[in-house]
Amino acid sequence: MPTSRLTQLQNHLSSPLDLVVTSYSSDRRVVTITINNASRANCLSTPVLKAILAALSSINPIINLDSSVDTEDPIAFAERVCQSHSPNPVPKVVILKSAGKIFSSGHDLREFHMANGDYKTIHDIFKLCNTLMLTIRRLPQVVISQVCPEDGGRD
């Protein structure tokens, strides 16, 4: 199926690298992933979902976070993660936050509207979201969602 006009426009206006920003603490023990699309209420468009997934996957590049992780012995998995990061420190925490006052308005409903009843497109969006949620679940790090703005919502 050809790329929708909305997707073309989104890709033109914001590169996926700009939609999500990854930063590390000075000791590299804390990874912060920031959804950076405040002008669209940090909606979870396909480009944003892909960018978050790429950012999460880059934390443990040698570790495959597929369904096999769910059946692996947790101690063996933790040891494999630690060895994969050697000699660098293993990130312990992932903070998922967003720019602006709204953490996320949810799915980008324009994408569903633009799908115009194409159930494969809608299925693909939900499949991508499911992959993202399972990746968060399978990360060996603690994941914290910072849903309040850093200023506590005060102007």
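Trainee: How far apart should the ends of helix α4 be, going by its 12 residues?
Mentor: This is a predicted model, so take the values as computed. At 1.5 Å a residue, α4 (residues 74–85) should span 16 Å, and its end C-alpha atoms lie 17 Å apart, which agrees.

Trainee: Which residues of α4 are buried?
Mentor: Phe 77, Val 81, Ser 84 and His 85. Looking down the axis of α4, these buried residues fall within an arc of 95 degrees, so they line one face of the helix.

Trainee: And what is exposed on the other side of α4?
Mentor: Ile 75 and Gln 83 are exposed there.

Trainee: What do the buried residues of α4 pack against?
Mentor: They pack against α3 (46–59) and α6.

Trainee: Take Thr 135 then. Buried or exposed?
Mentor: Thr 135, which is found in helix α6 (residues 119–138), has a relative accessible area of 6%. The cut-off for buried is under 20%, so Thr 135 is buried.

Trainee: What does Thr 135 touch?
Mentor: Leaving aside residues up to four places away in sequence, Thr 135 touches Leu 53, Leu 56 and Leu 65.

Trainee: Switching to charges. How many salt bridges are there?
Mentor: The count comes to 5. One of them joins the side chains of Arg 40 and Asp 108, at 3.0 Å from N to O. Arg 40 sits in the loop between β2 (30–35) and α3, and Asp 108 in the loop between β3 (93–98) and α5 (109–115), so the pair ties together parts that are 68 residues apart in sequence.

Trainee: How accessible is Asp 108?
Mentor: Asp 108 has 3% relative accessibility and counts as buried, whereas Arg 40 is partly exposed at 23%.

Trainee: What about Arg 137 and Asp 70?
Mentor: Their side chains meet in a salt bridge of 3.9 Å, N to O. Arg 137 lies in helix α6 and Asp 70 in the loop between α3 and α4, so this pair ties together parts that are 67 residues apart in sequence. Arg 137 is exposed, at 57% relative accessible area. Asp 70 and Arg 137 are also linked with Arg 138 in a network of salt bridges.

Trainee: Which residue does Asp 124 pair with?
Mentor: Lys 120, with the closest N and O atoms 3.0 Å apart. Asp 124 and Lys 120 are 4 residues apart in helix α6, so about one helical turn separates them.

Trainee: Last one: how many helices and strands does the protein chain have?
Mentor: 6 helices and 4 strands, following the pattern α-α-β-β-α-α-β-α-α-β along the sequence.

Definitions and conventions: Residues are numbered from 1 along each chain as its sequence is written. This is a predicted model: local features need pLDDT of at least 70, side-chain atom pairs count only at pLDDT 80 or more; totals for chains, interfaces and linings use all residues. Side-chain values use heavy atoms; hydrogens and water are left out. Helices (H or I, at least four residues) and strands (E, at least two) are DSSP runs, numbered from the N terminus. Buried means under 20% relative accessible area, exposed over 50%, partly exposed in between (1.4 Å probe, protein chains only). Contact means heavy atoms within 4.5 Å. The expected span of a helix is 1.5 Å times one less than its number of residues. The arc is that of the directions from the helix axis to the C-beta atoms. A salt bridge is a side-chain nitrogen of Lys or Arg within 4 Å of a carboxyl oxygen of Asp or Glu.
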